[in-house]
Amino acid sequence: MMGIRTLENDKFLQFFKLVQDKADSMNMVFFLFCGEGHSFEDDNLEGENLSGWLIPKDRADEFNQKFIEYDSDLDDWDDFFAFAEWKRSSNDIIIDIYIVE
């Protein structure tokens, strides 16, 4: 899955799909940097707030080439650094993604 460069369990991948669906609705792709706490787990999902880069789809392949190389310098992409935060509404998990200003 584009946006992740580590092995993750199925429950986290299901959560990350929600993050990617939200990014997709913004015509973007979310690339995971790290977890930021506020974790949860239920029968189907496991997740937490995330930080990473919110990249326009038309530049995602370009970014991904650097992203998958752990030693690449990503400083040129600082303007795209973002947070993905989750909240529960009834039984649904809602994702909000915003770029750090």
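## Backbone, core and charge features of a predicted model

The place of Ser90 is in the loop between S5 and S6. The structure described here is a predicted model. Ser90 has a positive phi of about 60°, although this residue is not a glycine. Most residues other than glycine have a negative phi. With a relative accessible area of 68%, Ser90 is exposed, because the cut-off for that class is over 50%.

A positive phi of about 60° is also found at His38, again a residue that is not a glycine. His38 is placed in the loop between S1 and S2. Its relative accessible area is 49%, so His38 is classed as partly exposed. Gly37 likewise lies in the loop between S1 and S2, and at 26% relative accessibility Gly37 counts as partly exposed. Between Gly37 and Glu62 there are 25 residues of separation in sequence and 29 Å in space, taken from C-alpha to C-alpha.

### Nonpolar core

The largest nonpolar core comprises 19 residues. Phe15, Phe16, Val19, Phe30, Leu50, Ile95 and Ile97 are the members with the most contacts inside this core. At least two core residues are supplied by each of helix H1 (10-25), strand S1 (28-35), strand S4 (50-56), strand S5 and strand S6 (92-99). The greatest contribution is that of H1, which gives five residues.

### Salt bridges

Across the whole structure, a search finds five salt bridges.

| Residue | Partner | Closest N and O atoms |
|---|---|---|
| Lys17 | Asp21 | 3.1 Å |
| Arg88 | Asp42 | 3.9 Å |
| Glu62 | Arg59 | 3.4 Å |

Lys17 and Asp21 are both in helix H1, and because they are four residues apart there, about one helical turn separates them. Lys17 is partly exposed at 41% relative accessibility, and Asp21 is partly exposed with a relative accessible area of 38%.

The salt bridge of Arg88 with Asp42 has its closest N and O atoms 3.9 Å apart. Arg88 counts as partly exposed at 40% relative accessibility, and Asp42 counts as partly exposed at 25%.

In the salt bridge of Glu62 with Arg59, the closest N and O atoms are 3.4 Å apart. Glu62 has a relative accessible area of 41% and is partly exposed. Arg59, at 31% relative accessibility, is also partly exposed.

### Negative surface patch

A patch of negative charge on the surface is formed by Asp73, Asp75, Asp76, Asp78 and Asp79. One of these residues, Asp75, lies in the loop between helix H2 (60-67) and strand S5 (81-89).

Note on methods
Residues are numbered from 1 along each chain as its sequence is written. This is a predicted model: local features need pLDDT of at least 70, side-chain atom pairs count only at pLDDT 80 or more; totals for chains, interfaces and linings use all residues. Side-chain values use heavy atoms; hydrogens and water are left out. Patches are made of residues with over 30% relative accessible area and no salt bridge: like charges are joined within 9 Å, nonpolar side chains (Val, Leu, Ile, Met, Phe, Trp, Tyr) within 5 Å. Accessible areas come from the Shrake-Rupley method with a 1.4 Å probe; for residues, only the protein chains shown count as cover. A salt bridge is a side-chain nitrogen of Lys or Arg within 4 Å of a carboxyl oxygen of Asp or Glu. Lys and Arg count as positive and Asp and Glu as negative; His and the chain ends are not counted. The place of a charge is taken as NZ of Lys, CZ of Arg, CG of Asp or CD of Glu. A nonpolar core is a set of buried Ala, Val, Leu, Ile, Met, Phe, Trp, Tyr and Cys residues joined through side-chain atoms within 4.5 Å. Buried means under 20% relative accessible area, exposed over 50%, partly exposed in between (1.4 Å probe, protein chains only).
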